[in-house]
Amino acid sequence: MLGLKATLLALVCTALPSYIQAQQLPFAPHLHQEQLVRLSWPSRSAAEEAVAWLDDNNFDVWSTTPQHTTLRLSPSQHEQLSSSHLSPSALDVLLPSIADHLDSTTLTPTFNLQHSEAAVANLSSTRLQALDDPIHDSYHSLDALYQILRRFEEEFSDYAHIVKVGESAEGKDILGLKVTNQSYTPTVSRSQDDVVDSHFEDSDGIHALKHKKHKIHKKLGFVVAGGQHAREWIAPSVVLYLIHDLLLSTVYVPYPSHSHRTYSRPTAAHLLDTVEFTFIPTLNPDGYSWTWATEGDRLWRKNRQPTGDGCYGVDMNRNWGFKWASGSRPNPCSDAYAGEGPFESPELRAVRDYLLEKKNNVKGFLDVHSFGQMIMFPFSYSCSRSSPDEENHFEGVVWAAKALRAVHGKNFEVGSVCEVSLTAPGDSIDWTYAVGKIRWSFSVELRGGIFGFLLPPAQIRPSGEEMSAAFVALADYVVRKEEGQRFDIAREKEI
Ligand SMILES: [Zn+2]
């Protein structure tokens with residue numbers, strides 16, 4: 001511990017000279033003084049205890065695993081940490097000065113806004129015929145995201161139409177794009193053998209997970225949502241890429257030869273015949289807009305509803321209504337504030353109602369986050385609870401991770417949220433699975449590397465490419481299981 005204190009002091013000192021550079025970057029000058037560090041823990045319980053303390057004390061935790069915590073530290077927080085009871089087994093500095101290690105131009109909203117506006121300005125004259133369209137080379141403001149959705153709707157009108165999921169706390173629209181083959185209605189017979197009639201029991205009672213034993217007459221709903229956490233800019237951008245790749249693979253034959261495509265046409269066509277996807281780039285338009293505002297905060301995580309004590313924002317991914325834990329993060333100023341009650345966030349109430357709406361027939365849900373390179377399934381609130389579908393979930397995420405790795409060689413860890421990340425009550429997929437009865441509930445943490453949430457825009461495209469491969473593998477797996485087909489991962493040919 002003494003050694004750690006000495007290290008922390010040294011880090012505080014080395015951070016000081018970069019104050020001067022704050023003048024070169026008016027946006028978020030504090031980032032020049034701050035470091036990105038990784039703390040290692042001797043045990044899971046030490047990591048759990050540390051993250052709770054860090055959240056309660058307004059530290060900015062960027063990612064967690066049972067072994068490591070990555071967080072942003074100011075000089076004063078270094079001192080606070082070194083005098084605390086926490087005893088990390090190691091401290092590694094990932095970025096000595098967060099801003100210095102980034103291309104200052106890609107860090108600023110101004111840069112991103114200019115590039116986004118340029119890409120969107122050309123939208124009316126392009127047919128979006130290839131994935132090398134410049135829309136995938138920059139991040140996009142909320143307005144630009146929605147303009148791109150509208151352009152998809154215009155260009156692919158037989159397959160795509162915009163839906164309004166609801167409104168944010170500040171009254172902004174939460175828009176999604178429904179994507180399906182609108183001229184095709186399936187009648188698929190479900191195998192009796194594949195019917196799941198199971199339940200699990202916990203302190204809240206018995207949760208039934210029954211699936212109807214009759215023919216499916218309507219399409220299977222599959223919702224893909226990004227952006228619960230505002231600063232994870234890569235998530236909405238990857239959702240746009242997933243939409244574009246799926247639509248292009250289905251619509252254009254022959255496909256432009258110079259352009260990458262993930263899907264085989266039969267797979268894409270079958271998915272759009274049997275599934276009605278809803279892609280929602282961001283569930284948190286207020287928080288996302290705040291990360292783009294010049295008076296805002298690029299690293300804002302929560303939504304923007306007032307929470308008392310002059311603070312704003314509920315951590316939406318701690319505010320879902322299954323195993324929501326009152327008092328788990330009581331500080332309303334904390335980045336992980338879970339709210340005063342479950343579904344306090346109006347954004348979550350809107351998406352909850354959308355997921356439960358009968359006509360949407362939602363059987364699949366994918367919650368897109370960054371960062372950490374993980375593909376996960378329930379549960380998040382506890383590692384001692386497993387679901388009756390765990391074996392199927394595991395098979396699905398292994399299949400998806402394998403497809404993902406084949407694109408750019410990235411390894412994504414797989415498992416339950418609790419096992420791979422840390423215990424987090426109030427998480428989305430715990431509710432969608434246990435209460436929403438959405439059997440195929442998954443979440444993903446996209447790539448971030450040492451850049452974390454400040455991933456350079458040059459990585460949007462590779463991140464989209466690899467996630468698109470994982471997504472088609474996962475969606476195809478879900479459809480085949482729902483249709484009662486056999487699936488043997490050892491014998492399957494890659495999609
Ligand atoms: Zn997140």
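1. Strand β6 (residues 173–179) pairs with β10 in the antiparallel sense over 3 bridges; strands here are DSSP runs (E) of at least two residues, helices are runs (H or I) of at least four residues, and both are numbered from the N terminus. Two strands pair if DSSP finds at least two bridges between them. Within this pairing, Val179 has Phe277 of β10 as its bridge partner. β10 also pairs with β9, in the parallel sense and over 6 bridges. There, Phe279 in β10 is the bridge partner of Val224.

2. The model is predicted, so local features need pLDDT of at least 70 and side-chain atom pairs count only at pLDDT 80 or more, while totals for chains, interfaces and linings use all residues. Residues are numbered from 1 along each chain as its sequence is written, and side-chain values use heavy atoms, with hydrogens and water left out.

3. Strand β10 (residues 275–280) is largely enclosed by the rest of the structure, because 6 of its 6 residues are buried. Buried means under 20% relative accessible area, exposed means over 50%, and partly exposed lies in between (1.4 Å probe, protein chains only). In a regular strand, side chains alternate between the two faces of the sheet. From β10, Val275, Phe277 and Phe279 point one way, and Glu276, Thr278 and Ile280 point the other way.

4. The zinc ion has its protein donors in His229 (ND1), Glu232 (OE), Glu232 (OE) and His369 (ND1), at 2.1 to 2.6 Å. Donors are N, O and S atoms within 2.8 Å of the metal (3.2 Å for Na, K and Ca); water is not among the atoms, so sites may look incomplete. The arrangement is irregular, because the 4 donor atoms subtend angles of 54 to 143° around the zinc ion. For four donors, tetrahedral requires all angles between 85 and 135 degrees; four count as square planar and six as octahedral if opposite donors are over 155 degrees apart and all others between 65 and 115, and anything else is irregular.

5. Along the chain, the donors of the zinc ion follow the spacing H-x2-E-x136-H. His229 lies in the loop between β9 (220–226) and α7 (234–251), and His369 lies in strand β13 (residues 362–370), so the pair ties together parts that are 140 residues apart in sequence. His229 is buried, at a relative accessible area of 3%. His369 also counts as buried, at 3% relative accessibility.

6. Helix α6 (residues 142–155) packs against helix α9 (residues 285–292) at an angle of about 120°, and their axes are 9 Å apart. Axes are lines fitted to C-alpha atoms, for helices over the stretch in contact, and angles run from 0 to 180 degrees between N-to-C directions. α6 and α9 are therefore oblique to each other; angles under 35 degrees count as roughly parallel, over 145 as roughly antiparallel, 65 to 115 as roughly perpendicular and the rest as oblique. Leu142, Leu145 and Tyr146 of α6 make the contact with Pro285, Tyr288 and Ser289 of α9, where contact means heavy atoms within 4.5 Å.

7. An open sheet of 4 strands runs in the order β2-β3-β1-β4, with antiparallel pairing. β2 (60–64) and β4 (90–95) stand at the edges with a single partner strand each, so one side of each is left without a neighbour in the sheet. From one strand to the next, the twist averages 25°. β2 pairs with strand β3 (residues 68–73) over 4 bridges, and Asp60 stands opposite Arg72 in β3. Helix α3 (residues 75–82) packs on the sheet and touches β1 (35–40) and β3; its direction makes about 135° with that of β3.

8. Leu422 is in the loop between α12 (417–420) and α13 (428–434). Leu422 is buried, with a relative accessible area of 4%. Leaving aside residues up to four places away in sequence, Leu422 touches several residues, including Arg44, Val51, Pro66 and Ser380.

9. The peptide bond between Ser370 and Phe371 is cis, with omega about 5°, and the bond from Pro378 to Phe379 is cis, with omega near 10°. Asp309 has a positive phi near 55° and is exposed, with a relative accessible area of 68%. Lys323 has a positive phi near 60° but is buried, with a relative accessible area of 18%.
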